[in-house]
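Subject: Structure for you to look at

Hi there,

Here is the structure I promised to pass on. Please open it alongside this message, and my notes follow just below.

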Amino acid sequence: MAENPHKVTYELSRELTLFQLTMMGIGMMIGAGVFLGIGKAIPFVGPGGIVLTFALNTILATGTAFSYAELSSAVPRAGGAYNFARIGFGRGISFSAGWIEWFASSVAGSIYAITFSKYTLEYLKDLGLLFWLPLSLGPCLEKGVTILIALFFIYINYRGASETGFIGAVMTLGQTIFLLFIGGVGLYIAATNPERLLNFKPFMPKGWLNLFIAMGFTYVAFEGFEVISQAGDEAIAPRKNLPKAMIYSVFIVGITYILVSFASVVAVNANHPDITFPVWEWIGQFGEMGFKKAIERLFPFGNFFLTLAVIFASTSALNATIFSAARASYALGRDRMLPAVFAKISKKRKTPSYALVFSGVIILCNAVLLPTKDVASSASIMFLFLFFLVNICVIRIRLNMGDELTYGFVMPFFPLFPLLAIGAQALLAVFLIHMSWLAWIIAPCWIAAGIVIYHFYSKSRVVPSESEIVVIEEEIEEPAGDKYRVMVPIANPNNALSLVGTTIKLSRNRDARIDLLHMVAVPDQIALSDAEKYVLEGKEGIVEAMLYLMPRFPVTTAVRHCRNIARGIVSAVREKRVDLLIMGWHGSRVDKRFVMGSTLDKVISRSPCDIVILKDCGNRKFYRVLVPIFGSSNDGYALRIADSLTESEGEITLLLLRGSNKDMPSERYVKELIRKTERSGIKAKMTTIQDNTKAVLEEAEGHDLLVLGIIARKHSYNVKKLSFQEKIAHRYNQSLVIVNEAKGIASITKRWF
């Protein structure tokens with residue numbers, strides 16, 4: 001049955017301002033992490049360590065916030081880390097990212113609901129309002145309040161983005177004012193009573209390694225900027241406002257945490273008769289209520305102000321985490337990674353109602369069934385895994401797709417911040433086992449369940465995205481043995497045969513297999529679902545090439561489509577672990593931003609394998625071949641390629657040029673190159689012309705092939721000055737072969753990262 005052309009689709013409403021986004025991030029961060037975290041973490045690190053914990057976590061969170069800000073400005077869609085991983089790594093990893101993000105945000109919501117319940121009931125108990133309650137019913141009442149507050153904010157999220165943003169902003173503004181007030185009072189107390197600073201002695205009584213345990217446990221308090229990335233479909237001017245909101249929120253929250261943790265230590269008078277041991281131990285004995293007990297002693301009505309701050313903080317954080325969890329599962333449903341019901345939008349409220357329901361179930365189950373410490377630790381470790389992945393994504397996407405995306409924010413000192421964050425997050429995750437071994441069971445089990453769901457459900461149903469490479473047709477018959485893999489991208493029938501003859505020559509002396517690839521160029525204005533309409537010409541070229549290659553080599557074929565041809569080719573090279581890539585070049589330079597064109601430049605700079613580029617070679621025989629030598633890493637490879645292409649009775653001339661140090665290659669260097677080739681008929685010739693470009697062009701006039709080694713540029717765009725090899729490539733109008741050999745760490749990095 002044909003689809004109804006008048007079918008109405010419902011989208012999320014775009015209503016969130018920069019202020020609301022910032023408040024949403026702050027609201028998600030300022031919650032259980034500081035209220036429950038100080039009392040739980042201070043026994044591990046002592047008084048100085050608790051302040052350092054939040055200070056160092058602020059620095060670490062800033063690095064990851066930069067990654068989120070850059071990626072969100074380029075991909076402003078609901079889904080956050082799921083979207084980033086989809087672009088950076090493809091479907092499988094992206095499902096895991098979305099799956100982790102959904103659970104992490106949901107578990108964080110459980111913590112905030114528990115925090116609200118604990119602090120509110122404790123305050124009512126202090127006021128004597130719960131005297132009538134039997135002691136045995138206390139835990140049940142706590143769970144009941146937890147469930148009620150979670151259900152209330154699930155309903156608020158259902159009401160719509162504007163209601164969610166407005167209420168969240170009001171709650172967050174209130175909590176921030178209260179906490180900054182508490183921090184300010186702490187500074188005043190320390191200034192007027194300097195003896196309170198003695199509470200910081202000893203500064204780190206349990207040693208420095210325990211700092212990693214405390215940082216890992218409280219890291220959940222810094223995950224709020226992640227919720228901002230989920231608002232890409234609902235934010236006003238998302239490319240500009242999402243990055244600003246993330247950076248503002250981390251900075252404000254970091255300052256607030258440092259002030260509040262400082263205030264909690266100086267709040268207690270160590271000389272009070274009730275304090276019979278060090279202040280940090282006194283705070284630690286109360287566990288998750290330690291922060292409350294300390295602030296009660298900071299100033300009159302401290303308990304009242306703290307309870308107000310907790311009510312504002314926990315509810316705004318709960319509001320934000322429900323929003324984030326629902327959007328993460330909505331994104332999975334939108335792309336059919338999860339059942340389509342997750343992507344259903346309420347017609348009236350324009351909110352993902354079913355995603356909210358499923359997220360609410362996870363929040364309630366964790367809040368009711370797990371101890372507080374294990375809930376917090378589970379959330380922290382899941383966010384550490386998630387942020388670890390996002391920091392890898394930002395590097396991979398910048399390197400592979402930096403020129404395809406439109407960035408609203410680009411982080412400074414790339415890739416310093418994500419690299420530092422990756423190392424620190426891995427370390428914190430390992431140390432977190434000392435706080436909760438159960439978290440290291442829950443988190444891997446959830447991830448394993450996601451892997452099973454992906455392979456048995458999502459993999460066959462996922463909707464292709466605009467950024468990914470999709471296989472249209474592929475014929476794969478893996479040959480026996482470890483063969484030398486040669487890939488030949490075929491654009492159309494007109495250039496197919498011009499590549500075949502050279503491919504045979506370069507592969508005949510190796511136990512090679514040939515991979516023929518056609519990347520379908522789908523115009524931006526055409527839907528990727530219509531890519532098959534553009535396949536025919538490329539398939540004709542592949543069939544024609546196969547007729548000549550199959551009698552000599554095992555041949556496999558693939559037809560794929562991708563918005564960016566260069567990325568599609570490089571992806572295929574990595575996937576098939578290609579050793580040699582052979583491509584054709586028309587020889588012109590239409591766009592001055594590129595040396596050899598937008599596709600070739602990117603392929604040369606990003607491919608992890610050896611590359612041979614052919615210009616006007618056809619199926620000719622070459623008898624007089626010129627190879628310029630100037631002491632580069634490609635000299636030997638250029639000579640080996642020339643040897644493969646030169647007829648047995650032909651002659652190869654090495655033209656010695658001045659290198660970057662202005663010296664000619666030494667006689668010993670040249671003899672070693674010739675010796676490795678094991679071919680007779682190679683001669684070396686020196687030139688007296690100072691200009692290398694002129695020397696090569698003049699000498700090449702007497703030859704029928706020029707083989708030129710060229711060094712891959714670090715950047716494949718914005719070319720301001722051509723090297724002499726690049727000038728030669730453009731000016732030489734006869735048969736030309738350009739080569740680049742993959743070597744060392746650079747090749748390994750390109751292949752794996």
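A helix here is a DSSP run (H or I) of at least four residues, and helices are numbered from the N terminus. With that naming, Val368 belongs to helix H14. Please keep in mind that this is a predicted model.

Ile147, Leu151, Val368 and Leu369 make a nonpolar patch of about 330 Å². Two helices, H6 (138-159) and H14 (353-369), each supply at least two residues of this patch.

Now for the covered parts. Helix H21 (residues 598-606) has seven of its nine residues buried; they are Leu600, Asp601, Lys602, Val603, Ile604, Ser605 and Arg606. Ser458 sits in the loop between helix H17 (439-456) and strand E1 (470-475). Ser458 is buried too, at 0% relative accessible area. Leaving aside residues up to four places away in sequence, Ser458 touches Phe95, Arg336, Met337 and Ile453.

Finally, a helix pair. The axes of H3 (residues 37-74) and H15 (residues 372-401) come within 10 Å and cross at roughly 35°, and the crossing is left-handed. On the H3 side, the contact includes Gly63, Thr64, Ser67 and Leu71, while H15 contributes residues including Leu386, Phe387, Val390 and Val394.

Happy browsing, and write back with any thoughts!

Best wishes

Key. Residues are numbered from 1 along each chain as its sequence is written. This is a predicted model: local features need pLDDT of at least 70, side-chain atom pairs count only at pLDDT 80 or more; totals for chains, interfaces and linings use all residues. Side-chain values use heavy atoms; hydrogens and water are left out. Buried means under 20% relative accessible area, exposed over 50%, partly exposed in between (1.4 Å probe, protein chains only). Patches are made of residues with over 30% relative accessible area and no salt bridge: like charges are joined within 9 Å, nonpolar side chains (Val, Leu, Ile, Met, Phe, Trp, Tyr) within 5 Å. Accessible areas come from the Shrake-Rupley method with a 1.4 Å probe; for residues, only the protein chains shown count as cover. A salt bridge is a side-chain nitrogen of Lys or Arg within 4 Å of a carboxyl oxygen of Asp or Glu. Contact means heavy atoms within 4.5 Å. Axes are lines fitted to C-alpha atoms, for helices over the stretch in contact, and angles run from 0 to 180 degrees between N-to-C directions. A crossing is left-handed if the near helix is turned anticlockwise from the far one by less than a right angle, and right-handed if clockwise.
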